[in-house]
Amino acid sequence: MPRIRGKTKTAEILTLEDAVKKHMKNGIQIAFSGFTGMNRNPFAFAWEIVRQGFKDLHSIDRHGSCCTWLLNAVNALKIQETDWLGWGEMAGKIDLNMERNYKAGKMIIEDYAHGAMAFRFLAGAVGAPFMPYYAPLGSDLYNPKYDALGRAGLRDGKNPKIAKKKFLQMEDPFWGDGEVVLLPAARPNLAVLHVLQVGDKGTARWRGVGTIDKEIAFAADEVVVVAEEIVPEGELRKYPETNQVAYFTVDTIVECPWGAFPSAVPFCYDYDVPFLRSMDAASRNETDLKKWLDEWVFGPKNWEDFIVKLGTKRLIDLKADSVTGYSTRLLRGKKPAPRMKMALSVARSGY
Amino acid sequence: MAKSIEQLMELIDVIPDEPAKVGEFILPELMAVASAHEVRNDDIVFAGTGLPMVGIMTANYTTAPKAMLIYESGVCDGKTMHVPMSVCDHRAANQCSTIGGLVDTFGFFLQSGFVTLGFLGGASIDKYGGVNVTSIGDYYKPNHRFTGSGGNGDIGTMAKRVVYIILQEKRRFLERNDYTTTPGWWCWDFKTNEWKPKREVWKNTPFAECGPAAVVTNMGVYRFDDKGEIYLESFFPGVTVEQVKENCGFDLNVKNVKGETPTPTYKELFVLREFVDPELIFLPQKMEYPKEIQAIIDKG
């Protein structure tokens, strides 16, 4: 049923601990911002979810990320409904925690394609029950045999967050443009966004790619915005065209510097390749993983303590360049990055 | 003395555009350049993470400087300085024309028909160019579970031409995939259990004529005939047609083989090593240049 919102939300400023306490419940459907494990993952929030021990969660997303990696590390995800199950791209492609849980039958995976998932969130955001999309017709993604939630008996209409069908294929009735696939709107209970700046009323701004963060903010029932800094709302209203999230969608604001570590916040800090690789290495066996969790998740007193533990050198290396928005001091491959001033392709293309 | 990046830039037009000899380059370089040759100067390219990104960047720096790059996280025409490790890496967004999100890239750009070339990877491929990036074995009890579609299913079916970069092994070149994430020129109809041409399944949609155009592996370059079946076009130096056939899980058409795949030129290798991946993120190592090329670099 489409939601009719009775009144404007008033965003509340809370600490990370209190925000997790206020919004989290076992079994809710949740979507995280950013893209893969490398861009604007609200990792601090997921970290606090794990510390507070929430379970049986249903992640609905267009990617795996550092957040889903961590939740899978403690088997807190019961359902992962997504289109890309990796997490760290070149620093750790397959989420081994997920693979282990999935093979042991501890979780359900529902597959879609990227554009399909984006359109599902778009439908959720604009209040439409479903959205038509072409791709990928003829794929096993649209083979009724591979409807994992249906097979598990979860499409019976009892869970208001799970659609009664995975998809419906039909002939375009308006223009005769062939077969299209109708995709159900995504309407998570909770969206958690990590952004560069948030106004004290909730208007939010990021730089760089938006992925589907605006869509998840409008599609979800409740929205938490975690930001590098809270600024006076009026500051963000000087250049409103650079803001993405409308304040009336936001329930809770959290100020949490370095809260997206080890992913990047463009123009603030870069993703930490060695740390991502160490996470991937730790997930290779359960003893190492437990040690990693004890050291990095349950060990620190709070998120600030976690960041302090990283050390100043690492934070300097990660600090983004104000021109490019990323860092060239960090060793990502086997050799240091060249200090280029202008993209070669710009020089060569004549733009 | 190590040259600055600006000094190296000046050298691009001086390094000879002649084919390098076997032994002067490594396999990933050959694969990257072979895939770069698929890019046309007027292409709007939608590229995935990994070797596809290296290939398109190389093309962008050499044969196709005007080719426009779309990265799925929302970047339109990024002019990359440092190779991105992911499509959402802010390095991909350098000097881009507009920036948005997935609805922009998959909706406004891809589904509305602007993308002329898709550049993707895959775990296995069938003889009609259908690709699996989801799972090996039974879907619900997989031997291997991969990442799943990501943009593969969307880009692979809706870009005008699609190029795949795939490792060639018998278990990766199959009559039919265990799971088809992205159908090629023929789709398996699970109602009737038979192959159906994509042109029929996608009839009247704007994408009936879109699909795989080439496959680059570690052994050669493949194309598709009028029936939509894959055939070997050229093989890499040091590889024989028999070896290619042995590493294929179906009876491969080798009647149209043109010969050896052209080797990278010194200029292409120079661009790849000094500008695309000097950090050695994708390339395992940096080869030494032959003496005469090194002399040009030292002198420059």
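## A walk through the two chains

Let's start with helix 9 of chain A, which runs over residues 273–282 and has V273(A), F275(A), L276(A), M279(A), D280(A) and A282(A) buried. Here "buried" means under 20% relative accessible area, with exposed over 50% and partly exposed in between (1.4 Å probe, protein chains only). Helices (H or I, at least four residues) and strands (E, at least two) are DSSP runs, numbered from the N terminus. Keep in mind that this is a predicted model: local features need pLDDT of at least 70, side-chain atom pairs count only at pLDDT 80 or more, and totals for chains, interfaces and linings use all residues. Residues are numbered from 1 along each chain as its sequence is written, chains are lettered from A in the order in which they are written, and side-chain values use heavy atoms, leaving out hydrogens and water.

What covers those buried residues of helix 9? The cover includes helix 2 (43–52), helix 3 (66–73), helix 4 (96–103), helix 10 (286–298), helix 11 (303–310) and helix 12 (312–318) of chain A. At the start of helix 9 of chain A, a side-chain oxygen of D272(A) comes to within 3.1 Å of the backbone nitrogen of F275(A).

Now for the nonpolar core, a set of buried Ala, Val, Leu, Ile, Met, Phe, Trp, Tyr and Cys residues joined through side-chain atoms within 4.5 Å. The largest one has 216 residues, and M24(A), F45(A), I49(A), W292(A), W303(A) and F306(A) have the most contacts inside it. Take I49(A): leaving out residues up to four places away in sequence, I49(A) touches V20(A), M24(A), I30(A), F32(A), F54(A), L57(A) and L71(A). Contact means heavy atoms within 4.5 Å.

Next, see where the chains meet. Chain A brings 82 residues to the contact and chain B brings 77. About 6900 Å² is buried between chain A and chain B, with carbon and sulfur atoms giving 61% of that area. Buried area is the accessible area (1.4 Å probe) that two parts lose on being put together, summed over both. There are 4 salt bridges between chain A and chain B, a salt bridge being a side-chain nitrogen of Lys or Arg within 4 Å of a carboxyl oxygen of Asp or Glu. R91(B) and D270(A) meet in a salt bridge through their side chains (2.7 Å, N to O).

Finally, hop over to S35(B), which sits in helix 2 (residues 27–36) of chain B. S35(B) counts as buried because its relative accessibility is 0%. Not counting residues up to four places away in sequence, S35(B) touches G55(B), F119(B), I165(B) and V216(B).

Notes. Polar contact = N/O pair within 3.5 Å; in protein donor to acceptor, adjacent residues only side chain to side chain.
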